[in-house]
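Let's take a walk through this one together. Have the sequence and the 3D view open side by side, and follow along as we go.

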Amino acid sequence: MSEDTNAKAMSIIVTKGTLDWAYPPFILATTAAAMGLEVTMFFTFYGLSLLKKDLNLKVSTLGNTAMEMPMGGMHMAMPNIMAALPGAPALTTAMMKNLIKKKGVASIEELRELAIEADVNMIACQMTMDLFEYKKEDMIEGPVLGGAATWVDVATKSDINLYI
Amino acid sequence: MSEDTNAKAMSIIVTKGTLDWAYPPFILATTAAAMGLEVTMFFTFYGLSLLKKDLNLKVSTLGNTAMEMPMGGMHMAMPNIMAALPGAPALTTAMMKNLIKKKGVASIEELRELAIEADVNMIACQMTMDLFEYKKEDMIEGPVLGGAATWVDVATKSDINLYI
Amino acid sequence: MSEDTNAKAMSIIVTKGTLDWAYPPFILATTAAAMGLEVTMFFTFYGLSLLKKDLNLKVSTLGNTAMEMPMGGMHMAMPNIMAALPGAPALTTAMMKNLIKKKGVASIEELRELAIEADVNMIACQMTMDLFEYKKEDMIEGPVLGGAATWVDVATKSDINLYI
């Protein structure tokens, strides 16, 4: 885009693990990497689940009154009482996955693969690994283990730092 | 406030579209613009709905155990089972709108107008427009269309970058 | 960690007040302060409740499909319909508090005390105080009152700025 982006660095703290909020960090990381930025992602809290080998991401409309699905030219928001019923997250997840596929948007698995190929640095939060009892063999190869201090060290050398 | 703020730039990624989370980006953007900063807002995901001509913002207490409404000197948090009932988001929304009005806080429509008058740059995310099937004629005039690369380009030239 | 971190400054906008989301700002603030950074926390919206003398933080799984509790080697996600029932947030809160204690993670009260001892600057949002009718005597000693302009002023002098 611009020569100004040369030699810039960006760090992203990834804290969410739902299907919808998994997109922003991977889209921003892969875009910035493609533009020549050095990118580091620090996966912590619920975001750490995005490094699992088997991704099983879901999404719920609960509490998010702004989530509207396009339905044949209209937009539908699901009432909370329906959204709380068993099966509702599965339905919402299926609707969003269909929508994403229909629109030709990459899956999280594909974006994650793209990030690895683009040499995005990935750090898995050691404290979260311990807290939620995630096993190293359940996670993809590549990410290094680190803590908040690892991120602070990266952030002090980065031009852009986001908490997602 | 300070001469240090001269010629500084700020970008905000706006991803939420509920009544409560609509406030932080517009308050920060208008305040920074009033202090002389060059401000760019990138509206994406559920935040894109904040650029609709007709705003119909709602809020729910669901899952947000920290939301307490002041009620005659006390604070009330709504139990999740009540918050899931039909009408509960409407009630919570009405309570918060009343609270905001009673306290003399500007509406989102007013803050958005203020941001436009203060020359805040607004970018509407093209991918989200396509994904959620938003039509250009449903959106306010002014914002330009762009993508993640547009934001990265802005961010590399900004001193402050927030993801909200 | 690194000599690069000398004389750097970080600001954090703290907007969430649930038990889980109370951790990231305090962990990052205390870690950065320990590494020699000048840290300022701006408590606003639901995050302002983290400055109350009596913390009564809760957490709900509602709408967060990525929250899984480790249960005897397995991971359990609570269905939304169960999560909406009376007592469910209390159960989830108790489970997470037990988990945190079992793993030797500090409580929010301890981390807040640590932040104060590490000279982290704390600003309580005046507008939120007024809006939610929080009384000054309900809050801990130390934080100063300020507004969005106070934060913008701090942010323009900081190297790292996060919105949590």
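Which residue of β2(B) is the bridge partner of M10(B)? Bear in mind that we are looking at a predicted model. The partner is V39(B).

In chain B, five strands line up as β6-β5-β2-β1-β7, giving an open sheet with parallel pairing. At its edges sit β6 (144-146) and β7 (160-163) of chain B, each of which pairs on one side only. If you compare neighbouring strands, ignoring direction, they are turned by 25 degrees against each other on average.

Next, the charged contacts. Side chains of opposite charge can pair when their charged atoms come close. Searching the whole structure over all chains turns up nine salt bridges. Start with K103(A) and E133(B), whose side chains meet at 3.2 Å, N to O. K103(A) comes from the loop between α3 (88-102) and α4 (108-117) of chain A, while E133(B) comes from the loop between α5 (126-131) and β6 of chain B, so this pair joins two chains. Both partners are partly exposed: K103(A) has a relative accessible area of 30%, and E133(B) comes in at 27%.

Move on to chains B and C, where K103(B) and E133(C) form a salt bridge at 3.1 Å, N to O. K103(B) is partly exposed at 31% relative accessibility, and E133(C) is partly exposed at 27%.

For a salt bridge inside chain B, look at K157(B) and D153(B), with their closest N and O atoms 3.4 Å apart. Here K157(B) is partly exposed at 44%, whereas D153(B) counts as buried because its relative accessibility of 18% is under the 20% cut-off. Salt bridges with shared partners also tie K102(A), K103(A) and E133(B) into one network.

Last stop: the surface. I81, M82 and L85 from each of chains A, B and C make a nonpolar patch of about 730 Å². The elements that give it two or more residues are α2 (80-83) of chain A, of chain B and of chain C. L85(C) sits in the loop between α2 and α3 (88-102) of chain C, and is partly exposed at 41%.

Conventions
Residues are numbered from 1 along each chain as its sequence is written. Chains are lettered from A and ligands numbered from 1 in the order in which they are written. This is a predicted model: local features need pLDDT of at least 70, side-chain atom pairs count only at pLDDT 80 or more; totals for chains, interfaces and linings use all residues. Side-chain values use heavy atoms; hydrogens and water are left out. Patches are made of residues with over 30% relative accessible area and no salt bridge: like charges are joined within 9 Å, nonpolar side chains (Val, Leu, Ile, Met, Phe, Trp, Tyr) within 5 Å. Accessible areas come from the Shrake-Rupley method with a 1.4 Å probe; for residues, only the protein chains shown count as cover. A salt bridge is a side-chain nitrogen of Lys or Arg within 4 Å of a carboxyl oxygen of Asp or Glu. Helices (H or I, at least four residues) and strands (E, at least two) are DSSP runs, numbered from the N terminus. Buried means under 20% relative accessible area, exposed over 50%, partly exposed in between (1.4 Å probe, protein chains only). Two strands pair if DSSP finds at least two bridges between them. Axes are lines fitted to C-alpha atoms, for helices over the stretch in contact, and angles run from 0 to 180 degrees between N-to-C directions.
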